[in-house]
Amino acid sequence: MEIIICENYEEVSQKAAQIMLNVIKDKENAVIGLATGSTPIGLYQNLIKDHQDHQTSYESVITFNLDEYVNLPKEHPESYYSFMHTNLLNHININEENVHIPSGLGEDIQANCNAYEESLNAYEMDIQLLGVGRNGHIGFNEPGTSFDSVTHVVDLDEKTIQDNARFFEGNMDLVPKKAITMGIASIMRAKKILLVANGTNKADAIYELVKGEISTSCPVTVLRDHPCVYVVIDKDAASRL
Ligand code: GLP
């Protein structure tokens with residue numbers, strides 16, 4: 001695990017974007033795993049700027065997103081479908097047919113999970129980007145999730161609902177209570193993993209990742225078993241190391 005401690009969020013975003021760009025520039029049809037949350041936004045802005053300044057092409061790049069809320073229409077501004085289009089996909093030359101975002105809509109969500117896992121399995125993921133929840137969740141794999149899990153439906157943790165209420169008028173009642181997420185085993189199959197975090201509210205999760213026991217009670221700790229992980233964090237997230 002390579003831990004890169006940066007001065008501030010801007011530097012986290014630049015360094016992480018560089019790691020992602022190395023993969024994208026190295027292989028025309030790179031398969032990249034994308035994440036939502038506020039942390040990766042700066043990284044995405046750097047990718048957009050690089051695309052504008054250097055014409056890095058995404059024409060053959062294939063993307064897979066980690067997760068999506070259940071029962072939130074795609075057009076809802078807080079759906080992860082909208083988030084990805086607003087913050088990255090609408091600004092690069094990606095082919096929409098190469099974009100994969102789990103669907104949390106329809107009668108049979110388990111069938112959506114199976115279909116998503118099947119499409120994931122058809123590719124070898126070159127790099128998976130991850131943020132981390134305050135409670136150590138990755139994707140929406142909340143504490144207690146089995147390390148063998150594949151794409152599945154989850155009940156969101158109380159802490160996650162609290163944290164995400166800021167995107168829903170500050171009202172916990174408006175936050176969807178279920179989500180569909182790639183599992184921990186799905187994530188661990190990626191060749192490389194890039195985790196970004198900033199702020200003191202992530203310091204405990206980062207401490208557990210680097211120094212804690214590997215345990216399902218803090219899902220991010222599973223990354224210690226992965227052969228190629230980059231952890232790009234600011235000083236505040238690193239403050240307990
Ligand atoms: C959400 C996402 C996660 C993300 C986490 C942290 O719950 N499902 O993938 O890592 O929040 O978000 P933020 O970066 O806003 O702290």
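Contact means heavy atoms within 4.5 Å. The exercises below use a predicted model.

**Exercise 1. Describe the overall build of the protein chain: its helices and strands, its radius of gyration and its box.**

Step 1. Count the elements. The protein chain holds seven helices and ten strands.

Step 2. Along the principal axes, the C-alpha atoms fill a box of roughly 45 × 45 × 35 Å.

Step 3. Check burial and contacts. Of the 241 residues, 54% count as buried. Take the contacts with a separation of 6 or more: 79% of them join residues 24 or more positions apart.

**Exercise 2. Find the residues that touch the most other members of the largest nonpolar core, then trace the contacts of Leu 195.**

Step 1. Start with the core. It has 74 residues. Tyr 44, Leu 194 and Leu 195 touch the most other members.

Step 2. Take Leu 195 and set aside its neighbours within four places in sequence. Its contacts then include Leu 130, Gly 131 and Val 132. Further on in sequence come Ile 206, Leu 209, Val 220 and Leu 223. Tyr 230, Val 231 and Val 232 complete the list.

**Exercise 3. Locate the buried residues of helix H7 and say what they pack against.**

Step 1. List them. In H7 (residues 203-211), Ala 203, Ala 205, Ile 206 and Leu 209 are buried.

Step 2. Look down the helix axis. These buried residues fall within an arc of 160 degrees, so they line one face of H7.

Step 3. Recall the helix geometry. An α-helix has 3.6 residues a turn, so residues three or four places apart point the same way.

Step 4. Find the partners. The buried residues of H7 pack against strand E9 (192-197) and strand E10 (229-234).

**Exercise 4. Work out the strand order of the open three-stranded sheet and identify its edges.**

Step 1. Write the order. It is E4-E8-E7, with antiparallel pairing.

Step 2. Pick out the edges. Strand E4 (67-69) and strand E7 (152-155) each have a single partner strand, so one side of each is left without a neighbour in the sheet.

Step 3. From one strand to the next, it averages 25 degrees.

Step 4. Inspect one pairing. Three bridges join E4 to the antiparallel strand E8 (residues 178-181). Tyr 69 has Ala 179 of E8 as its bridge partner.

Methods:
Residues numbered from 1 in each chain as written. Predicted model: local features only at pLDDT ≥ 70, side-chain atom pairs only at ≥ 80, totals over all residues. Heavy atoms only, no water. Core = buried A, V, L, I, M, F, W, Y, C linked by side-chain atoms within 4.5 Å. Buried < 20%, exposed > 50% of the residue type's maximum accessible area, 1.4 Å probe, protein only. Helix = DSSP H or I, 4+ residues; strand = E, 2+ residues; numbered from the N terminus. Arc of directions from axis to C-beta. Pairing = 2+ DSSP bridges. Axes fitted to C-alpha atoms, helices over the stretch in contact; angles between N-to-C directions. Rg over C-alpha atoms; globule rule 2.2 N^0.38 Å.
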